[in-house]
Amino acid sequence: MARPSPRVLIAIVASVVLILGGLAAVIVPGLVASSTPPRAAPPTSPSFTRPVPTPRSSTSSPTPSATPPQPSPPASSAPPPSAPPPPQTRAQQLLASMSLEQRAGQVVMTSIPVSGLDAASLAALGSDHIGNVFLKGRTTAGAGAVAGVVRSARAETSSATLGVAPFVATDQEGGQVQILRGPGFSDMPSALAQGSMTPDALRASAFEWGQELAAAGVDVNFAPVMDTVPSPAFAPQNIPIGKYQREFGFTPDAVAAHGIAFAQGMADAGVAATVKHFPGLGRVTGNTDTSTNVTDSTTTRNDAYVAPFADAVRAGVPWVMLSNAFYPAIDAANYAPFSPTVIQGMLRGDLGFQGIVVSDDLCDAAQVSGFLLDHRGADFLAAGGTMALCTNETLAPRVWQGIVDRARSDPGFAKVVDNAALQVLTAKERRGLLPR
């Protein structure tokens, strides 16, 4: 038999190699696939459970690059560390150190005669812990005499209030409502006359009047009046305001511009102005000090005559005094000083006021004579007020005692007292009236 040529042999070998290579390409991947467990499909959404490793056959071996999923460490049940509480203010420290009686005293203001302390005011400031005073009456003795009375009042309160000095307030509006006169005090024109000045000129004058008050030791002025009397023709019929020319003008804009200028001038001198009588006494005919059933049936919650108070709040006035009148279109169930709608809904809510809400007189005012005296201060605080004013030093201890008694029996009201007392103490801290 003839041997095949070398070329034929080479061709045969090449064909065999090609055939074997093709068979390997088909058979080997199948063998590899059959010996490797399938991989789990990735989850379609995040999972908050511990991941489970993919099951593997006990006879199979993972490829060198495959790493089994590692279980996550268990979540700790301990809460994350919280930031340390901020350090207490001096006001908070003093509040924590005060008895209930002392806390209640911080939210009451009683009168002392501007001529000097009497036995009733000494008792109210001492054993009853009442922590704020209103200079009552009229004097022409001048600034030096007033400063002496203020020093006596501050000395009397210090031992009963852990050394917290009182706010000392008075009525220094001008015109017929000016308690302090004599050497060291200017003769202030009425608010209606002040309304004829430019706001800048009025602010400059109020700065001078405020300096006189500050020099005598007065740090709160129950002014300016922000009530709007509708017209000059109605003014004589408006007994509490218009009759005495206590209004700056006859439009809300005029009242707002001049009332704010007055308040800013006082602030420039370091005296806290108090806008009054929220939500307004310009439309009534009766005087709440001397008459009962004084009602304003016109003013509404969003009334244009409320605008001067809103403007004053936006300007930063620190105190607002409540009217004692009844506003049925705003709250048909409560007089203003006892109305959560007036205080919390309107003044705190609508206007956003965060300062001290002081009542008008809750003791001698005829308007509130039908309410139990022991309940008046507590009811005012419960409605959202901050400081109850009693211009009769012989009756103030009963207002104070009513607050103490309710706080003892009602834990919720006790918190109301604490919050109001803290607000007063914080305001005093800003004014340097707390002991160091």
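Exposed residues have over 50% relative accessible area, buried residues under 20%, and partly exposed residues lie in between (1.4 Å probe, protein chains only). The model shown in these views is predicted: local features need pLDDT of at least 70, side-chain atom pairs count only at pLDDT 80 or more, and totals for chains, interfaces and linings use all residues. Residues are numbered from 1 along each chain as its sequence is written, and side-chain values use heavy atoms, with hydrogens and water left out.

View A. Helices (H or I, at least four residues) and strands (E, at least two) are DSSP runs numbered from the N terminus. Helix α2 spans residues 90-97, and A91, L94 and L95 are its buried residues.

**View B. F380 is among the residues with the most contacts inside the largest nonpolar core.** A nonpolar core is a set of buried Ala, Val, Leu, Ile, Met, Phe, Trp, Tyr and Cys residues joined through side-chain atoms within 4.5 Å. The largest has 69 residues, and F278, L322, L347, L351, F380, L381 and I403 have the most contacts inside it. Contact means heavy atoms within 4.5 Å. Apart from neighbours within four places in sequence, F380 is in contact with residues that include L322, P337, F338, I343, V357, V358 and L362. G385, T386, M387 and A388 are also among the contacts of F380. A second, separate core has 47 residues, including I112, L135, L202 and V358.

**View C. The largest pocket has 26 lining residues.** A pocket is an open set of points on a 1 Å grid over the protein atoms alone, with protein on both sides within 12 Å along at least five of seven lines; a cavity is a set of points where a 1.4 Å probe fits but cannot get out, and lining residues have an atom within 4 Å of a point. Points are joined across faces, edges and corners, and a volume is the space filled by probe spheres set on them. The volume of the largest pocket is about 620 Å³. F134, D171, R246, D289 and D360 are the lining residues nearest its centre. Strands β2 (132-136) and β7 (272-278) each contribute at least two residues to the lining. By class, the lining of the largest pocket has 10 nonpolar, 6 polar and 10 charged residues. Nonpolar covers Ala, Val, Leu, Ile, Met, Phe, Trp, Tyr, Cys and Pro, charged covers Asp, Glu, Lys and Arg, and polar covers the others, Gly among them.

**View D. The structure holds 3 cavities of 30 Å³ or more.** The largest cavity contains about 50 Å³ of space. Its lining is formed by D227, T228, P279, G280, L281, G282, R283, D296, T299 and Y305, which divide into 3 nonpolar, 4 polar and 3 charged residues. The second largest cavity has a volume of about 40 Å³. Its lining includes E173, Q194, R246, F248 and F262, and 6 nonpolar, 1 polar and 2 charged residues make up the whole lining. R246 lines this cavity and is also one of the residues nearest the centre of the largest pocket.

View E. H277 is in strand β7. P279 is in the loop between β7 and α9 (307-314).

**View F. H129 and Q245 have positive phi values.** H129 is not a glycine, yet its phi is about 60°. H129 belongs to the loop between α4 (119-125) and β2, and is buried, with a relative accessible area of 18%. Q245, also other than glycine, has phi near 55°. The loop between β6 (220-221) and α8 (252-268) holds Q245, which is partly exposed at 38% relative accessibility.

**View G. A312 is buried in helix α9.** Its relative accessible area is 3%. Not counting residues up to four places away in sequence, A312 touches M226, I260, V275 and V317. A312 and A263 are 49 residues apart in sequence, with 8.4 Å from C-alpha to C-alpha.
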